[in-house]
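Please look through the structure shown below, and keep it in view while you read the paragraphs that follow.

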Amino acid sequence: MTFHKKLSVPFILCLILIFGCSGGKENETVNSLPAKKRPNIIFIMTDDHAKSAVSLYGSKLIQTPNIDRIGKEGMVFNNAFVTNALCGPSRAVMLTGKFSHINGFRDNRDKFDGDQPTVIKHLQKSGYYTSMIGKWHLRSVPQGFDYWNILINQGNYYNPNMVEMGDTLRREGYTTDIITDLTIETIDKQVNREQPFCVLMHQKAPHRGWMPNVKHLTPGDTTRYPLPETFYDDYKNRSAAAGEQDMEIKNMFYSMDMKLHPAEEPGSGGQASFDAKANWENIYKRLTPAQKEAWDAYYKPISEAFYRDNPKGRELEEWMYQRYISDYLKTIVSVDENIGRLLDYLEEKELLDNTLIIYTSDQGFFLGEHGWYDKRFMYEPSLSIPLVMRLPGLITANSTTDVLAQNIDFAPTLLEIASIEVPDDMQGRSLKPVLEGTSKDWRDEIYYHYYEYPHGWHNVKRHYGIRTERYKLIHFYNDIDAWEMYDLENDPNEMENLFDDPAHTEKREELTTRLAKLRIAMKDTTQLLP
Ligand code: SGN
Ligand code: CA
């Protein structure tokens, strides 16, 4: 990796304020365990990685041997979910252990109130060296980190500008590799210290744009991926919310999504006012001459064949699906190989025995289910996240769990594993007893609330809901008042809304009452009016 140009020096004042008062905490502990006995923490989070694209969950699309290794040497969570399937909100939940309506970050327009307590601040205060590398997306300056180096906003797949403690640098290379390099460098500086470390490694991949590393682009590649059963969904038997979204693959952008050149833009891409072509030109311009050459060698023949063959109707839709999935998965190949590189490094430095490693994603993603890409809905593909954790001594290898876990649980889990008392106002629960195999009375329902409407991308209406082991109830509100209920055992693809089915009246009443109670218990007083 080479660093070139120093572009600007923003945030300096904030840094002086933040870092000027956060030093000198190295050997402080707030509990009986000496700091060095406490495990290090590596929290790896990707952006938009669907469970269906992880081989240990039985993916039909990809092999992810290194993510699988974390799971096989630790615990696999089969039922892990988010509270709000959008990037910024998920990150705010992870940091605070509180729902969006409490931490104040409801949708991607919000600015995270960094003055509030976070798991990172607690870890730092108790003696951990804390660091954050990669996608931040919370719009305020990171607080509570001894070191941070973040992408600006969504960041770029190639040659990203990154803000390192306030200084912006353009780094040359592929971002997934760069974030991993920086993580390893950060850990390497901590290896011989008594102080435990906690690093958040937040990859941009596999977020939209889906730009693979050129080394994974083999011209002439003809791999075909299976279409999901529900690809040609007609959205009947559901509320209007499912039909009125703007996240159908057939409307994707021809330029930035399909990588066609030259590209007309027949679809809305989820946001008709967005100038996709100009955006794509700016992204392409950032590539080095060598990257452009390898890029064009792969994508130019694809464009030429597309315009020559001029597919229409279902042939076009399926072509778009294949194009999308092919690039999406290639970005995950890089994620996985970099995790392998990180694991090898940890093994070489003998850090594997005393480091908690977590792999997860900020939410799930639609990979063609219902004809969609993106997330937001409380439906299974976006509500669910991959989640694996590894810490020998605490977690028995090859263990799995079906408990209903949620990203709200990450903060209390890290605290309890670091022997720090979990503050009463955190709304999640520590998963430590689950990891140890001693949990009793685990929750039997989870709560969800999505807010980014009518502004923002993809036109998904506001909604909240409850999911139990078997059932799900969702209320869409704002400019609609519609309910959906699913039996996940008989209808795992969520195609039959049972809300008005007389045979399910009793279940509907039960879930409606439970959801109302859950809203009160979670202190969600959001107005449900337009
Ligand atoms: C971008 C994407 C959207 C995506 C949001 C939120 N458009 O705006 O498709 O839903 O991010 O994603 S893009 O054309 O600019 O890529 S999130 O993961 O950050 O919440
Ligand atoms: Ca995301």
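In which loop does proline 262 lie? Proline 262 lies in the loop between α7 and α8 (276–285), where helices (H or I, at least four residues) and strands (E, at least two) are DSSP runs, numbered from the N terminus. This is a predicted model, in which local features need pLDDT of at least 70 and side-chain atom pairs count only at pLDDT 80 or more, while totals for chains, interfaces and linings use all residues. Residues are numbered from 1 along each chain as its sequence is written, chains are lettered from A and ligands numbered from 1 in the order in which they are written, and side-chain values use heavy atoms, with hydrogens and water left out.

Most residues other than glycine have a negative phi, and most peptide bonds are trans. Against that background, a cis peptide bond joins histidine 261 and proline 262, with omega about -5°, and another cis peptide bond joins alanine 205 and proline 206, again with omega about -5°. Proline 206 is found in the loop between β9 (197–202) and α7 (240–244), and tryptophan 210 has its place in the loop between β9 and α7 too. Tryptophan 210 is not a glycine, yet its phi is positive, near 40°, and at 0% relative accessibility it counts as buried; buried means under 20% relative accessible area, exposed over 50%, and partly exposed in between, with a 1.4 Å probe and protein chains only. Serine 419, in the loop between α12 (410–417) and α13 (432–436), also has a positive phi, about 60°, but at 27% relative accessibility serine 419 counts as partly exposed.

Leaving aside residues up to four places away in sequence, valine 54 touches His49, Ser59, Ile62, Thr64, Ile67, Asp68 and Pro386, where contact means heavy atoms within 4.5 Å. Ile67 and Asp68 are among the buried residues of helix α2 (residues 65–72), and the buried residues of α2 pack against β3 (75–77), α10 (313–348), β10 (355–361) and β11 (387–390).

Helix α10 has another partner to consider. The axes of helix α9 (residues 289–309) and α10 come within 13 Å and cross at roughly 175°, the axes being lines fitted to C-alpha atoms, for helices over the stretch in contact, with angles from 0 to 180 degrees between N-to-C directions. That makes α9 roughly antiparallel to α10, because angles over 145 degrees count as roughly antiparallel. In this contact, Tyr298, Tyr299, Ile302 and Phe306 in α9 meet Leu316, Trp319, Arg323, Ser326, Asp327 and Lys330 in α10.

Technical notes
Parallel < 35°, antiparallel > 145°, perpendicular 65-115°, else oblique.
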